[in-house]
Amino acid sequence: MNYRIKSSILSLCMGIAICFLSGCGFHLNSRQIPCEDFSSTQIQLQKELAYGNFYRAFYALSKESGVVIVPRHVNHATLSSDTLLLWLSEPNFNERPLSYSSDGQANYIMVELTLPYEIRDTKDHVLSNGPIRLARPMSISPNALLNNDSQRVLIKEALIEKACMQLLQRLNAHASASS
């Protein structure tokens, strides 16, 4: 009997703690690890990249996935025919309001990421191009500006990671199709 009371109280406390943490915006975000084999994928970035969050995430995820990034100074003539050429533009973040409160302030916004890219083969034929577009909603509290900013940073990081994964999957699809 005593054991049942203790386990019930513990379960109740755990439930309250989970509800409290999820109400505060705390979520466990796990890093996505690609399950595909990217070891045969070779890419060469064609533009000198800025050192922003996207490029650091792209390089890290590429390295974890086994993608070989050929240095930019290597001549096209010396590249293998399996190497893909990748043009990336700066990722662009936009925010648009989804709903407003009674005092005219936005309660919910949509954070959107647009990443223009182009994939070519070594003969300069365009294999794929277009933007990767991702969006995620975010709630805004006018009384918690610091929480809003930290939540915005986490959402942008999650969108960047998802865009990197989609870009790697598209590169891998072209690499496996060409071989």
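## A salt-bridge network

Arg-152 and Asp-149 sit three residues apart in helix α3, so about one helical turn separates them. Their side chains meet in a salt bridge, with N and O 3.2 Å apart. This is a predicted model. Asp-149 is partly exposed, with a relative accessible area of 41%. Arg-152 has a relative accessible area of 18%. Buried means under 20%, so Arg-152 counts as buried.

Glu-95 forms a salt bridge with Arg-152, and their closest N and O atoms are 2.6 Å apart. Glu-95 belongs to strand β4 (residues 92–100) and Arg-152 to helix α3, so this pair ties together parts that are 57 residues apart in sequence. Glu-95 is partly exposed, at 39% relative accessible area. Through shared partners, salt bridges join Glu-95, Asp-149 and Arg-152 into one network.

## Another bridge between strands

The structure holds five salt bridges. One of them pairs Glu-112 with Arg-96, with closest N and O atoms 2.6 Å apart. Glu-112 is in strand β5 and Arg-96 is in strand β4. The two residues are 16 apart, and the pair links distant parts of the chain.

## The overall plan

How many helices and strands does the protein have? It has three helices and six strands. Along the sequence, they follow the pattern α-β-α-β-β-β-β-β-α.

The protein has 179 residues, and buried residues make up 30% of them. Take the contacts in the protein with a separation of 6 or more: residues 24 or more positions apart account for 68% of them.

## The nonpolar core

The largest nonpolar core has 30 residues. Those with the most contacts inside it are Phe-54, Phe-58, Leu-86, Leu-88, Leu-167 and Leu-171. Several elements contribute. At least two core residues come from each of β1 (42–45), α2, β3 (83–88), β5, β6 and α3 (145–178). Which element gives the most? α3 does, with ten residues.

Leu-167 shows how these parts meet. Not counting residues up to four places away in sequence, Leu-167 touches Phe-54, Phe-58, Leu-86, Leu-88, Leu-115, Tyr-117 and Ile-132.

## Helix α2, face by face

α2 has 13 residues. From its first C-alpha to its last, this helix reaches 18 Å, close to the 18 Å expected at 1.5 Å a residue. Its buried residues are Phe-54, Tyr-55, Phe-58, Leu-61, Ser-62 and Ser-65. Seen down the axis of α2, these buried residues fall within an arc of 135 degrees, so they line one face of the helix. The face turned away from the buried side carries the exposed residues Arg-56 and Lys-63.

Ser-62 is one of the buried residues of α2. The helix spans residues 53–65. At 0% relative accessibility, Ser-62 falls in the buried class. What does Ser-62 contact, leaving aside its neighbours within four places in sequence? The answer is Val-67, Ile-69 and Leu-168.

## Two positive phi angles

Most residues other than glycine have a negative phi. Asp-124 is not a glycine, yet its phi is positive, about 70 degrees. Where does Asp-124 lie? Its place is the loop between β5 (106–120) and β6 (126–139). At 43% relative accessibility, Asp-124 counts as partly exposed.

Gly-66 follows α2. Its phi is positive too, near 95 degrees.

Conventions: Residues numbered from 1 in each chain as written. Predicted model: local features only at pLDDT ≥ 70, side-chain atom pairs only at ≥ 80, totals over all residues. Heavy atoms only, no water. Helix = DSSP H or I, 4+ residues; strand = E, 2+ residues; numbered from the N terminus. Buried < 20%, exposed > 50% of the residue type's maximum accessible area, 1.4 Å probe, protein only. Contact = heavy atoms within 4.5 Å. Core = buried A, V, L, I, M, F, W, Y, C linked by side-chain atoms within 4.5 Å. Expected span 1.5 Å × (residues − 1). Arc of directions from axis to C-beta. Salt bridge = Lys/Arg side-chain N within 4 Å of Asp/Glu carboxyl O.
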